[in-house]
Amino acid sequence: MGVLGRIGQALGLTPRGKAPVPFVVLFKKFKSILERNNRILTLMADMGDKLGGEYVFDRRYIEAACEELSDQIFKLVSDLSILNRCRNVPLFSAFETVRQEIADELAGRHHFPDTAPTLPLSALRADMAEAAGGKFAMLGELKNVLQLPVPDGFVITTGAFAAFMAKNGLPELIARQTARLDADEEGAIAEASATVRQRILAASLPKSLSRGLAEALAALAERLGQPPRSLAVRSSAWNEDGETSFAGQYESVIGVPPSQAAEAFKRVVAGAYTPEAWLYRRRRGFQEHEAVMAVGCQVMIDSVVSGGLYTYAPLTRKEEGIFVSAAWGLCAPIMSGELDTDSYLIGRRAPFASLSREIAHKPQALTLRPEGGTAYTDLPPQKADAPCLTEADLSLLGEASLSLEKYFKRPQDVEWTIDAAGRLYLLQSRPMVFYGDPARRTGAIDAATRDAAILFSGRGDVVQRGVAMGTAYVVRSDADLDDFPFGAILVAHHTSPRYSRVMPRAQGILTDIGSPAGHMAAVAREFRLPTVVGCGLATQLLETGDEITVDATQNVVYRGLVKELRYFELTEEAVYEDSYEYRLLRRLLKKITPLNLVDPHAPSFTPASCRTYHDITRYIHEQAVAELIAFSENRQGILDASARRLRSPLPLNLSIIDLDGDGSAQGGEIAPEALPSLPLRELLAGLTDSGMWDTDPVPVDMGSFMASLTRTLGMGGPGEEKLGRNLAVVSNEYMNLNLHLGYHFILIDAYVGEVVNDNSLYFRFLGGVTDFGRRARRARCIGKILERADFRVEIHGDLVVGRIKKVDRRAMCAKLRLLGGLVGFTRQLDVRLGREGDAHCFATEFLTAIAAVTEDAHDPARNP
């Protein structure tokens, strides 16, 4: 028996050719999927919250959370196998891949990303630190996302580093030396360091790395139009330039001729085992298996002036600036403190004018030698005592500073250089952590917020704490995301995982509706983006261009920019703790929470594309809803169920199957008020209370009628002889309704419960009795109605699909009443739409008429 058969047998699925699984069983699995989906998202949220620095946890918590998460994901995949008749082998494979990576990480064994030995800087992003190390992943983000100037180059990946270490037996040697350190750290470190470094410098490169290095150098020469004169070969370790900076701990080699790049690579790797670097790691709680080093190679810039800067330097309660240090020549001796530097304090607003300056005596500069390498050059007195930077240079540095700070939402410690043509290049950017005076911060915040204009407070749920300050950008459709400006605050009616594409550019997120345990919330936490969902009125109070401050810590939204709150955020303590458990959890969450499957309609929305537990969960949630709709529409497993007829003054001819019933009710009729299903009751209330069911005859063009007739006849599903054309499969919280009303075909699938994250509503409308032009106008009219009611709408010819999910119970009831009225309103709508402009007029007419009925759905007396 094959894998598919074994899984099917293990799950107890019926072999092909036999009776279908009863729909009541399928529905129970659907409910199980909803429950597991919520539990998984809650677990992910809890694990993400632990990284906020406010919780103490140990390794046992991490192991228990990963164990429960893996168990829930496996059962989730198994539940879907019941629904889709065991078509889940790729999902089981995806699950096992992620599960094994998590198990290996817990055991101290790394799964390095499957990449080439070298990657060009143009291919790197901030989320590629596992492959490129912290420094070069950050440089890739600066170059490719922020479009800031960074010297071209490539990185030798962590996978190539691991292959180099393994080929030369270095992990075993380091383990033996580490055992000696445990007994006598101070006394043994020098000898252990010398032993390991000597072995590294004498080691040989794997053939794959030698070949990859040669290809990367050739590709770099082709991009430049000539071979680079010299390279900077730089460390890029895991965790470097992150919460732990490792500033000055690892070696970089500058002025390297391309022919010596391999030797420079070994020098940088050996630099991880100097006594100082080794002791730094150990005293910061790093374990040896975390010492993973990528190595970057960049073109050397023939620098005229170089230096460093802090993007945020507070002066007094009212002033703040950017601090810049600079000297002539290359950057390395400036950052190591070997040369005196000029100091500048510039304003934080354009044109970034100098607030103060101190000019040092700078008699020497480190410069590139024509034959390769570097040398110190004596400078003439007039240059030694001259300012290094012009006002134009300071303006360039000011613009880059604010771009970096806004993007990373933390002050940055930046290294930079300027060439003879006045071009600025960024060499490094890492978080700057410093602490303000708590009493000063508290007083300033209290004073500022006391007079600030509050737009709303305490509404909705905080997903991610923090402060967002900037311009609101209201997103009403996916097309709006294409023009989302850098540094804006995203304001939307719904939550959506699609927003992940603009999260790197956003300052924060506000939504009217949504769940803190939803997919978008998990992604917002991953980006540490201040986010509040379920505000209820953000899109009503805000317009694109409004300046606002979102305090997602206190859950207050202010009109205008409250600078003191930004100051508080920038000077608060580090976001992450530095213990091994925190770093381990961060690495594990990279395999758990990132969401790659964003658009259910994309070709890549497949099991094979699932790379994290979040991907698997998202895919199954979408598939479960689709499978249940398909089952009920095809009436698979329903034909033997006991159905009752709805007693109604309207000619609906509706059969009802109750999934929660005990089977005692055999046939007969049921009155609307006796219906056990909340969704069906609300839908019928909208249909009857609105008075939209019109029985008056409307003239119709015979040609259009005959064209439509040939199109719509014969579209009935199986089992109509037994159950009738119209069928509702229901439970207390669920309804799947198939209606064939004349020549219209309507499908409504709804789940309405107390858990907001479970609630979903799907509407589909097709058919008509007139020509295609009128049917298309009717589709546009229905689309306008649904869009104004907050549905996500798709229109394909005369087919209309509307979806809404994750709104609370009362709002769902209002949407169902609206759809009930819409069922009656659309019966003869295509016949009435004679002109192009009628679609808008009829949509407005309907929404005005249905308002009283939908408002009634919010009456607690009607919805206990």
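## Basis

Helices are DSSP runs of H or I with at least four residues, and strands are E runs of at least two, both numbered from the N terminus. Phe27 is found in helix 2. This is a predicted model: local features need pLDDT of at least 70, side-chain atom pairs count only at pLDDT 80 or more, and totals for chains, interfaces and linings use all residues. Residues are numbered from 1 along each chain as its sequence is written, and side-chain values use heavy atoms, with hydrogens and water left out.

## Phe27

Phe27 is buried (under 20% relative accessible area, with exposed over 50% and partly exposed in between; 1.4 Å probe, protein chains only). Its relative accessible area is 2%. Contact means heavy atoms within 4.5 Å. Not counting residues up to four places away in sequence, Phe27 touches Leu628, Leu659, Ser731, Tyr734 and Tyr751.

## Nonpolar cores

A nonpolar core is a set of buried Ala, Val, Leu, Ile, Met, Phe, Trp, Tyr and Cys residues joined through side-chain atoms within 4.5 Å. The largest has 58 residues. Met47, Ile62, Ile592, Tyr613, Ile616 and Ile620 touch the most other members. Elements giving two or more residues to this core include helix 2 (23-50), helix 3 (59-83), helix 21 (613-634) and strand 27 (744-751).

Ile616 touches Ile73, Val77, Leu91, Ala94, Phe95 and Cys610, not counting residues up to four places away in sequence.

## Helix 4 and helix 20

The axes of helix 4 (residues 89-106) and helix 20 (residues 580-589) come within 10 Å and cross at roughly 165°. Axes are lines fitted to C-alpha atoms, for helices over the stretch in contact, and angles run from 0 to 180 degrees between N-to-C directions. The two helices are therefore roughly antiparallel. Angles over 145 degrees count as such; under 35 is roughly parallel, 65 to 115 roughly perpendicular, and the rest oblique.

Ile102, Glu105 and Leu106 of helix 4 make the contact with Leu584, Arg587 and Leu588 of helix 20.

## Helix 22 and helix 26

The axes of helix 22 (residues 678-689) and helix 26 (residues 809-825) come within 6 Å and cross at roughly 45°. Helix 22 and helix 26 are therefore oblique to each other. Residues of helix 22 in the contact include Leu678, Pro679 and Glu682. Their partners in helix 26 include Arg809, Cys813 and Leu816.
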